[in-house]
Amino acid sequence: MNIVSWNCNGAFRDKYKFLAAYQPDVAVVPESESPYYLSKNSKNFSSMSHVWNGFSSFRGLSIFTFNGYRAKIADFYDSRFSLVLPVMIFNAASCFLLVAVWTKFVGKMKESYVAQAYNAVCFYEKFFDDDTLIMGDFNSNKIWDNTSGNRVAHDALVQKLEGKNFGSVYHELRQEPQGAETQPTQYQYRHKSRPNHIDYMFMNKNRMRDINAFSIGSYNDWQEKSDHMPLFMNVKDRC
């Protein structure tokens with residue numbers, strides 16, 4: 001199964017073709033358009049499913065499926081966490097929970113960014129199992145834990161997930177500590193001199209052995225398309 005997470009920085013109607021070469025089965029795409037807006041403005045794009053939520057029709061959180069996979073919002077979705085979406089991904093042979101993430105400022109700093117993800121994980125963790133995937137744009141890193149003004153630290157989220165035996169794919173495979181990443185996932189304002197690591201894929205450590213490949217897009221290949229680099233993962237089907 002090919003999975004990608006990419007904050008497209010808007011205008012996905014003009015950018016979906018850049019993911020085509022990867023042939024994703026599932027794609028988590030923050031800052032993309034609603035199904036209606038996308039269908040009206042990009043008639044050449046099609047997917048098996050398009051689950052979306054957002055505050056405006058041209059910028060929200062999308063989950064796309066292809067190649068026989070379908071998606072639907074989980075019955076236990078709680079609207080308090082509107083941009084942390086629990087989605088059931090399924091085909092004829094398998095079904096698993098994907099929690100798609102795009103955290104942002106929501107009016108109060110103590111309720112924004114990593115606090116959104118942390119609170120959502122606290123609510124949804126009872127539904128997690130070994131096959132669950134959690135991924136997207138968290139807009140968070142341990143280096144900001146003492147400066148962000150958030151009520152919840154990034155490290156608290158990581159430790160919460162560790163308690164469920166979930167780890168960051170990048171950090172587990174690269175054996176790098178949180179806050180000391182050598183490969184960025186975002187370049188602020190697309191400036192190479194302003195790198196950040198704020199996009200993540202989390203999964204149960206018992207399933208890390210099922211990863212066939214993992215990579216992050218390079219600045220040279222992606223900076224003209226978005227300020228975020230895509231995260232690519234190929235993993236055995238979630239059976």
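Is Gln175 buried or exposed?

The model is predicted: local features need pLDDT of at least 70, side-chain atom pairs count only at pLDDT 80 or more, and totals for chains, interfaces and linings use all residues. Residues are numbered from 1 along each chain as its sequence is written, and side-chain values use heavy atoms, with hydrogens and water left out.

**Stop 1: the cores**

Select Ile3, Phe12, Ile63, Ile89, Leu98, Phe214 and Met233. Within the largest nonpolar core, which has 47 residues, these touch the most other members. A nonpolar core here is a set of buried Ala, Val, Leu, Ile, Met, Phe, Trp, Tyr and Cys residues joined through side-chain atoms within 4.5 Å. Buried denotes under 20% relative accessible area, exposed over 50%, and partly exposed in between (1.4 Å probe, protein chains only).

Next, centre on Phe12. Leaving aside residues up to four places away in sequence, Phe12 touches Trp6, Leu19, Val29, Ser32, Glu33, Leu38, Phe45 and Phe64 (contact: heavy atoms within 4.5 Å). Another core, of 20 residues, lies apart from the largest one; Leu97, Phe128, Leu161 and Phe166 are among its members.

**Stop 2: helices H3 and H4**

Select residues 114-124 (H3) and 154-163 (H4), which pack at an angle of about 20° with axes 9 Å apart. Helices (H or I, at least four residues) and strands (E, at least two) are DSSP runs, numbered from the N terminus. Axes are lines fitted to C-alpha atoms, for helices over the stretch in contact, and angles run from 0 to 180 degrees between N-to-C directions. H3 and H4 are therefore roughly parallel to each other, a description given to angles under 35 degrees.

Show the side chains at the contact: Val114, Ala117, Tyr118, Val121 and Cys122 from H3, and His154, Ala156, Leu157, Lys160 and Leu161 from H4.

**Stop 3: two positive phi values**

Most residues other than glycine have a negative phi. Go to Gln175, in the loop between helix H5 (169-174) and strand E10 (186-187); its phi is near 55°, a positive value. Gln175 is exposed, with a relative accessible area of 64%.

Finally, select Arg190, in the loop between E10 and strand E11 (195-196). Arg190 is not a glycine, yet has a positive phi of about 70°. Its relative accessibility is 26%, so Arg190 counts as partly exposed.

Note on methods
Parallel < 35°, antiparallel > 145°, perpendicular 65-115°, else oblique.
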